[in-house]
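I set out to record what I looked up in this structure, entry by entry.

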Amino acid sequence: MKLRKQVTVCGGAIFCVAVFSLYLMLDRVQHDPARRQSGGNFPRSQISVLQNRIEQLEQLLEENHQIISHIKDSVMELTDTGAVSPSGHLPFKSANGSWVLPFDGHPTFLAVKPQDCQFAVASRAKTDVQMLDVYSLLKFDNPDGGVWKQGFDITYEPDEWDNEPLQVFVVPHSHNDPGWVKTFDKYFTDQTQHILNNVVVKLAEDPRRKFIWSEISFFAKWWETADVYKQEAMRKLILGGQMEMVTGGWVMTDEANAHYFAMIDQLIEGHQWLERNLGITPISGWAVDPFGHSATMPYLLKRANLTSMLIQRIHYSIKKHFSSTRSLEFMWRQAWDTGSSTDMFSHMMPFYSYDVPHTCGPDPKICCQFDFKRLPGGRINCPWKVPPKAVVEANVAERAQLLLDQYRKKSKLYRSKVLLVPLGDDFRYDKALEWDQQYINYQKLFDYMNSHPELHVRAQFGTLTDYFSALYKAYGVAPGSRPGDFPVLSGDFFAYADREDHYWTGYYTSRPFYKSLDRVIESHLRGAEILYSLAVANARHAGMEGRYPVSDYALLVDARRSVGLFQHHDAITGTAKENVVIDYGTKLLRALIGLKRVIINAAHFLVMKNKEFYRFYQTEFYSTLSQYLVLFNPIEQERLCTVTVLVNTMRVRMLTEDGQTLPVQLSPQWSSGTQMSAEATFMVRLPALGLAVFHLYDSADSPMTFRSDIVLRLPSQSITPFICSCFLLLFHLQSIKRKDDNLEVKVHMQFMVYGTRPSKDKSGAYLFLPDGKAKPYNQKEPPVVRVAEGPLFSEVVAQHQHFQQTVRIHNVPGVEGLSVDMTTMVDIRDQTNKELSMRLVTSIQSGDVFYTDLNGFQIQPRQHHPKLPLQGNFYPMPSQAYIQDSRHRLTLHTAQALGVSSLESGQLEVILDRRLMQDDNRGLGQGLKDNKKTANRFRLLLERRSPGNKMDSTTTSFPSTVSHMTDALLNHDVLALPVLPKRRGVPPLQTFAPLKSVLPCDFHLLNLRSIQSQDPQSPSQYTALILHRLALDCGFEAQNLGFNCTTTEGQKFLNLLIFAHNCETYLLQEQVLVLIQTRPHFSSSFCYQCSSSHIFLFSFSLLTNILFNFSGLK
């Protein structure tokens, strides 16, 4: 009522002023004596002018009357609804035609201080080997190395081991892919269960026998099917040291495409299973099959309390270089580490493969003779035409000398006199016969070697940790410490080539549909974990644990394991057979359905104002004209953004919980180039990690409801350039210009096509072997172009034959309005041996340097090398890539892992999809012909560097605050949960905001994960809080993020305060990354050192209704 009076009075005043002004003017004309006296001589021209002015005044009066009437109607309408826009003003168009949104009245600020830059500009600890330097140094040629084709001749002196005998640890293993040519379940039935059954029987026959196992997904399935006697026998072997669990992840994860959230989650799942069922913790890492190695992995293993690790698939030229410098064992340090706290002792295998012919020494022809599964009469043989011989007394001396020669030559590539020799291959030891063939023959060789002191060797079976322990002991250092003068290395090992110019860079993009699906489910998993933990805590506090569906925990466990399984290096990579891919997809879809149920149930409970009315029931759907909408913000910061929902009417009104009307933009939802339905987009402010309640109902148009202006350009019509405007950006298909920057940056988007080689080796699921440089994408008809413009967003959609490109700009204050939203819907199912790429050609002077992320965890500088083939300059891009010069940085954020490169200065190029008709001879036996229509989602962020701020060092680089926030928005969409009430109506709902105060902007809440109890289907009373402190490049001009953003000002100590509703306090424990070994207890209010770039994990009791308060650092 107050608003109505104010607007009416204001409108009336305007009306009175206009009328009074008109009256004075007319009165002056009629009563001026001078004019009356000379009336006869009054010029007709002046009379005409006066008449025109009177007509103009009458016209203005009429317009004023219309305005007053409009204001009156608006006031009446707003008064009838009892609501106004958050600011009390309507969106309007400015003089240049751009829409302007009224500020919502919420104070926002970004406090970035010089201290925030301390970590980014700090000097780094010196390393002996930097992989960027290695790439610059090497020629990447491939001369014939003799028996070791990719290496060199190795010689030694016979007396080299006289003073210190050679210690040889032969480590039997079986590499079990959880899906590749067969499905996970088929592999288990056909082979894996038999391998583990044999472990129980055959290791018990001789205590000198050893074995290692990596994939906990398979081991857990075997354990569930084994009887209690087998379980006890296996437990005895493990606790006795004959059987070792290495790495302990749910799978041997891919390291190129996997996101660090999923890498950590599958590691936790495996370690939690081992601790609960066996009471053990792995201490050594084993990764023989991922196609290249990321620097993220040693960091995660270090944080999980592992002390050592082994890697295998690395470019053959790098292996040769490291072998020649005896640098195959090193301390792997994070490039951003200012000290040595991240150092992980790492062992690199030197030869082509992890199979037996390539592990005993440099000559595969000789080593194959000691793979006794290949004895004559078996199903496999040696390609070098010299078969193995069973070891008998008559030949043991000759056989032992021949094998020892290989051992000695291999040991010359390392600095110690302790040698590791793996003995295994894919799915080995599934037959009892092979166990006898390998173990009996090798034991005869060991017995001979060990009984002849003149050979100066001690050979034995061992586990991976047996080897590392012996090495540490030889140097007199603690496990995980640097032995002697072993080098310190930083960097990563991408891209991988196994021979010639066969670069494994195609799998960075292969099957992008499933790469995208994986990230969607990861976001749902994280959101479900957070909401479930909070809902259970609230239910326990309210004494309603028996009424809340705690059994949803089983759905969480299933989703964790399905997502974990998909991180396998033949799953997320897109390198499995078609039926196996379908099996992965089925498991992921089942997980997604379960996660949605967990989220719905938790949200249902948390938003209820009176929990006493809570009754768990399966959702029942009824037709209704009025419904509530609950929005979940899964990120740890307040969020100002647009949300789009499909609607079945163009009469839409959206109200907040307290009755305020929100601006709504109605747009067509296009099901094809010209077919459409409707969608509603509205701007909301959501609490951090919270649930907000809105009322969406069918109503007559209100002043806050706008319809998008649509222009459709068909191929027969001429297409004119279109410019969209937004809050801080101007965009068209040729350049980007920020409104606060007079300098325009050219950003020309091109679509390109690669073919494959016409003969010999061709591109496949693994390899990228193009037929030359990319060619421009062409189609016969021009694209159908749609342009939509409105107050909340504007977009241009170009419908091509094989893809649809959507470029949208959000007219929203804050992070969402600072970047360009791009979606490319790709469909190349009618193509043959083609790969579609999107190339950004810019005016940024980036030279030959560009930057890609590793697993969404850190940034790795890259350099384009002309000496490498085109395919050798592509790298994985799980979350972002950027180019920069002294003035600007252009970052391409991605919602799915893809391959990326910068082939020329100022360019970024992303491979969007690949359709290949043939196998690339890496064991799969199929091409990539099961393509699906796939939406690739991106955000393009242009930032201007502050004057006087220098670019990053050559070895490290960090995203800005805006970039971190943009990544979070893209990868963690707002989840819209419609409330369709039962017949009895909807109980009172209220917004749920769990954070008492927000996290600093340089902290990311990676997960809030309920910890398993001894019953794997139910949670314990403890919850894991996983935090990642982000490193910032604050050399870019600060922007309005749309929420209050305070960083930690470079301080290292975080005050983490956890307040319970009833003011009780509960102990917290800092834990290693996999929730096994606890560190000292802290009270519920404690100060803990949290250095930049590190991940921290705490467990605490959630017995009460928890609110989090993350105070400042000190």
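**Entry 1: the second largest cavity.** I began with the lining of the second largest cavity, where strand 34 gives the largest share, four residues. I took helices (H or I, at least four residues) and strands (E, at least two) as DSSP runs, numbered from the N terminus. The model is a predicted one, in which local features need pLDDT of at least 70 and side-chain atom pairs count only at pLDDT 80 or more, while totals for chains, interfaces and linings use all residues. Residues are numbered from 1 along each chain as its sequence is written, and side-chain values use heavy atoms, with hydrogens and water left out.

I noted that helix 5 (131-137) and strand 34 each supply at least two residues of this lining. The second largest cavity has 13 lining residues, and Leu-132, Tyr-135, Pro-861, Arg-862 and Tyr-875 lie nearest its centre. About 100 Å³ of space lies in it. On a 1 Å grid over the protein atoms alone, a cavity is a set of points where a 1.4 Å probe fits but cannot get out, and a pocket is an open set with protein on both sides within 12 Å along at least five of seven lines; lining residues have an atom within 4 Å of a point. Grid points are joined across faces, edges and corners, and a volume is the space filled by probe spheres set on the points. By class, I found six nonpolar, five polar and two charged residues in the lining of the second largest cavity (Ala, Val, Leu, Ile, Met, Phe, Trp, Tyr, Cys and Pro count as nonpolar, Asp, Glu, Lys and Arg as charged, and the others, Gly among them, as polar).

**Entry 2: the largest cavity.** I counted 13 cavities of 30 Å³ or more. The largest cavity holds about 480 Å³ of space. I listed 35 lining residues for the largest cavity, the closest to its centre being Tyr-260, Gly-856, His-964, Asp-967 and Leu-1030. Helix 9, helix 16, strand 34 (858-863), helix 19 (961-971) and strand 43 (1003-1012) each give two or more residues to this lining. Helix 19 provides the largest share, six residues. The lining of the largest cavity has 13 nonpolar, 16 polar and six charged residues.

**Entry 3: helix 9 and helix 16.** I then examined how helix 9 (residues 260-277) packs with helix 16 (residues 512-541): the angle is about 60°, and the axes are 10 Å apart. Helix 9 is therefore oblique to helix 16. Axes are lines fitted to C-alpha atoms, for helices over the stretch in contact, and angles run from 0 to 180 degrees between N-to-C directions. Angles under 35 degrees count as roughly parallel, over 145 as roughly antiparallel, 65 to 115 as roughly perpendicular and the rest as oblique. In contact (heavy atoms within 4.5 Å), Phe-261, Ala-262 and Asp-265 of helix 9 meet Glu-522, Leu-525 and Arg-526 of helix 16. I classed these contact residues as three nonpolar, no polar and three charged.

**Entry 4: the second largest pocket.** I recorded about 1,100 Å³ of space in the second largest pocket. Its lining has 39 residues, with Ile-380, Asp-425, Asp-426, Phe-427 and Arg-428 closest to the centre. I found 12 nonpolar, eight polar and 19 charged residues in the lining of this pocket.

**Entry 5: the backbone.** Most residues other than glycine have a negative phi, and most peptide bonds are trans. I noted a cis peptide bond between Phe-494 and Ala-495, with omega about 0°. Leu-689, not a glycine, has a positive phi of about 55°.
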